[in-house]
Amino acid sequence: MRGGERLFADHLGRCRLCPRRCGADRAAGERGFCGAGNKVKVFGFGPHRGEEPPVSGTRGSGTVFFSRCTLRCVYCQNFRFSQLREGSARDAVEFAGILGLLHRRGCHNWNFVSPTPWLPFIEDALIALEKDGIRIPIVYNTSGFENVDVLERLEGVVDIYLPDLRYALEETAERASGFGGYAVIARDALK
């Protein structure tokens, strides 16, 4: 993503971005567990002043709330767009425009909420903006349900990781989010 390097384009043909590694051919219109397809789907965006103070600063964190999620938590505060999948599909130009707008509004960073299924589109937008000389810190705001190899690819791209560690017990993860291996995966991701 920095310097125009593509890190995730290969995942649209056989998605392996989250720990489910469903293999959906998103380029052909297939959808995996999360329901992500071949266009980025955004529920909302804007300056967010309610994050942790170092992230929000004085002008807000440029938060993008993506539709879809790799978990299905029964208590999700973002239920409307993570599970009911509300939001608008955006092409690469429109999505880069959203990030450019947040930059022009003076946000301290781009804060991507539940970004993992959308990494190929995020990288396209970041590459386009970087060509125009636009770059601000990136916050990776996630459930902690991440592949270590994906996080390793993000080294040097993401500036702030903001994971929510949801469970310590696999039984609880299975009951509340539908994935009994969450605790081990999230601990590895946090390390």
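So, aspartate 159 and arginine 135: these two form a salt bridge, with the closest N and O atoms 3.1 Å apart. By salt bridge I mean a side-chain nitrogen of Lys or Arg within 4 Å of a carboxyl oxygen of Asp or Glu. This is a predicted model, so local features need pLDDT of at least 70 and side-chain atom pairs count only at pLDDT 80 or more, while totals for chains, interfaces and linings use all residues. Residues are numbered from 1 along each chain as its sequence is written, and side-chain values use heavy atoms, with hydrogens and water left out.

Back to that bridge. Where do the two partners of the pair sit? Aspartate 159 is in the loop between helix 5 (148-153) and strand 6, and arginine 135 is in the loop between helix 4 (119-131) and strand 5 (138-142), so the pair links distant parts of the chain, 24 residues apart. Helices (H or I, at least four residues) and strands (E, at least two) are DSSP runs here, numbered from the N terminus. Aspartate 159 is partly exposed at 40% relative accessible area, and arginine 135 is partly exposed at 30%. For those labels, buried is under 20% relative accessible area, exposed is over 50%, and partly exposed is in between, with a 1.4 Å probe and protein chains only.

How many salt bridges does the structure hold? There are 8. One of them joins aspartate 10 and arginine 16, at 3.1 Å, N to O, and aspartate 10 is partly exposed at 41%.

Okay, rings. Rings of Phe, Tyr and Trp (its six-membered ring) pair if their centres lie within 6.5 Å; planes under 30 degrees apart are stacked, over 60 edge-to-face, and the rest tilted. That rule gives 11 aromatic pairs. Take phenylalanine 66 with phenylalanine 95: a tilted pair, 5.8 Å centre to centre, 50° between the planes. Phenylalanine 66 lies in strand 2 (residues 61-66) and phenylalanine 95 in helix 3 (residues 92-104), so the pair ties together parts 29 residues apart in sequence. Both phenylalanine 66 and phenylalanine 95 are buried.

Then there's tyrosine 167 with tyrosine 182, an edge-to-face pair at 5.2 Å and 85°. Tyrosine 167 is buried at 7% relative accessibility, and tyrosine 182 is buried at 0%.

Last one: phenylalanine 33. Arginine 20 lies over its face, 3.5 Å from the ring centre, and the charged end of arginine 72 sits over the ring of phenylalanine 33 too, 3.9 Å from its centre. The cut-offs there are NZ of Lys or CZ of Arg within 6 Å of the ring centre and within 35 degrees of the ring normal.
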